[in-house]
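Me: I would like to learn how to read the features of a fold. Can you take me through one, step by step?

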Amino acid sequence: MAEGLKTNSLNVSLPKFEMVYWADIIHDKPLDESEKDRESPFFLEEGYSRAPEDFLVENHETRQKIVGFLSRQMNRIFLNPDFSLNYSFIADTIVKNYFRDLEIYYTENCVDENNATCKVKDLIRKRLLDVLEKYEDDDIMLVSHSMGSIIAFDVLSLLPLESKIHTFITMGSPLGLPVVISKIAAEQKQRLNGKNHMVTPDCITNNWYNFSDILDKVAFNYNLSDDFSSNIRGVKPIDFLVVNNYEKNGIRNPHKSFGYLRTREFSKVLYDFMKNEDITVWEKITRRPLHIIRTLKTKLSSTVKPK
């Protein structure tokens, strides 16, 4: 993020930042940046590196048209009007072979700190929920990448959340893939109420920006605005096609988070969030009391019994 702001001449300090880490729930041992043996299963192949100065930006207008057409046809073929999945065996095979972490997220059990059996997805979601609730009195920009965008959407849609998300960011997101849409819909059937679109979570108050590189295969269906309708505040995804310039040893990876985080488009959104969210002294003084009043009202309403 800092590299992007500097490269794009946007003079603003980074906000308070906290990463929600959940890889340890799925994997016994993470990749190790200090591992030098390339044959080791823990060798980190794609660490952070600055953007190459000679990065070649290519024209992909034809690919964009083809991908747009194919993604529309894919939804038509695989998704029923109620978001249930046709040819589920094909989707299950794709997830198992190419999205192993996602398969674990959706299907596997685990043990929590109390040695009780739980779902992996519930444990991962709680990690994010706990962090969001810690900052419920602050303006929050929630930045999510790849599978993280699915986890974030599930938390914002399905769990009781006091926090308001000022700006939701999705990068390299598979949220538009039919198999993902069907999984989300299966969990929140009552919330859909017969609507033929998925719904933007109501806790997003101002913006949802979705960033995709046309060469990013994970974000194949990059037009999330076609799949997710507006929430009660009129917020829905705004899609940006960007150039992810991540490269390591001359090999490009248009899905890598490092490249997305330094794009001009994301840097501008981050800059605007920081500049426009400066609050006044009076707001700082009143914010906490208002939160206390809101909490008391909630507790009172839960204890008062009808006659």
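Reply: Start with one pair of residues. Phe211 has Phe240 in β8 as its bridge partner. Keep in mind that this is a predicted model.

Me: What is the general idea behind strand pairing?

Reply: Strands of a sheet pair through backbone hydrogen bonds, and the pairing is either parallel or antiparallel. Here, β6 covers residues 204-212 and is joined to β8 by five bridges. The two strands run parallel. Another pair to look up is Trp208, which stands opposite Pro237 in β8.

Me: How many bridges join β4 to β6?

Reply: Six bridges join them, and these strands also run parallel. As an example, Thr170 stands opposite Asn210 in β6.

Me: In what order do the strands of the open sheet come?

Reply: The order is β3-β4-β6-β8, four strands with parallel pairing. The edges are β3 (140-145) and β8 (237-241), and each of these pairs on one side only. On average, neighbouring strands are turned by 20° against each other, direction ignored.

Me: Which helix packs on the sheet?

Reply: Helix α7, residues 147-158. It touches β3, β4 (165-171) and β6. The direction of α7 makes about 135° with that of β3.

Me: How many residues of helix α8 are buried?

Reply: Seven of its 10 residues, so apply the under 20% cut-off along the helix to find them. Helix α8 spans residues 178-187. The buried ones are Pro178, Val179, Val180, Ile181, Ser182, Ile184 and Ala185.

Me: Let us turn to charges. What can side chains of opposite charge do?

Reply: They can pair when their charged atoms come close. The cut-off for a salt bridge is a Lys or Arg side-chain nitrogen within 4 Å of a carboxyl oxygen of Asp or Glu. By this rule the count is 14 salt bridges. One of them is between the side chains of Arg127 and Asp24, at 3.0 Å from N to O.

Me: Why does the pair of Arg127 and Asp24 tie together parts that are apart in sequence?

Reply: Look at where each residue lies. Arg127 is in helix α6 (residues 120-134) and Asp24 is in helix α2 (residues 23-26), so the pair links parts that are 103 residues apart in sequence. Arg127 counts as partly exposed because its relative accessibility is 31%. Asp24 is partly exposed too, at 41%.

Me: Which residue forms a salt bridge with Glu187?

Reply: Lys121. The closest N and O atoms are 3.6 Å apart. Glu187 lies in helix α8 and Lys121 in helix α6, so this pair ties together parts 66 residues apart in sequence. Now compare the two ends with the cut-offs. Glu187 counts as partly exposed at 35% relative accessibility. Lys121 counts as buried, at 16%.

Me: Which residues are linked with Lys121 and Glu187 in a network of salt bridges?

Reply: Arg125 and Asp154. Together with Lys121 and Glu187 they form the network.

Me: Where do Asp272 and Lys268 lie?

Reply: Both are in helix α11 (residues 264-276). They are four residues apart, about one turn of the helix. Asp272 is partly exposed, with 28% relative accessibility. Lys268 is also partly exposed, with 40%.

Me: Last feature. Which residues form a nonpolar patch on the surface?

Reply: Ile66, Phe69 and Leu70. Together they have about 280 Å² of accessible area. Ile66 counts as partly exposed at 46% relative accessibility. Phe69 has 45% and counts as partly exposed.

Me: How far apart are the C-alpha atoms of Phe69 and Asn221?

Reply: They are separated by 9.7 Å. Along the chain, Phe69 and Asn221 are 152 residues apart.

How values were computed
Residues are numbered from 1 along each chain as its sequence is written. This is a predicted model: local features need pLDDT of at least 70, side-chain atom pairs count only at pLDDT 80 or more; totals for chains, interfaces and linings use all residues. Side-chain values use heavy atoms; hydrogens and water are left out. Patches are made of residues with over 30% relative accessible area and no salt bridge: like charges are joined within 9 Å, nonpolar side chains (Val, Leu, Ile, Met, Phe, Trp, Tyr) within 5 Å. Accessible areas come from the Shrake-Rupley method with a 1.4 Å probe; for residues, only the protein chains shown count as cover. Buried means under 20% relative accessible area, exposed over 50%, partly exposed in between (1.4 Å probe, protein chains only). Two strands pair if DSSP finds at least two bridges between them. Axes are lines fitted to C-alpha atoms, for helices over the stretch in contact, and angles run from 0 to 180 degrees between N-to-C directions. Contact means heavy atoms within 4.5 Å.
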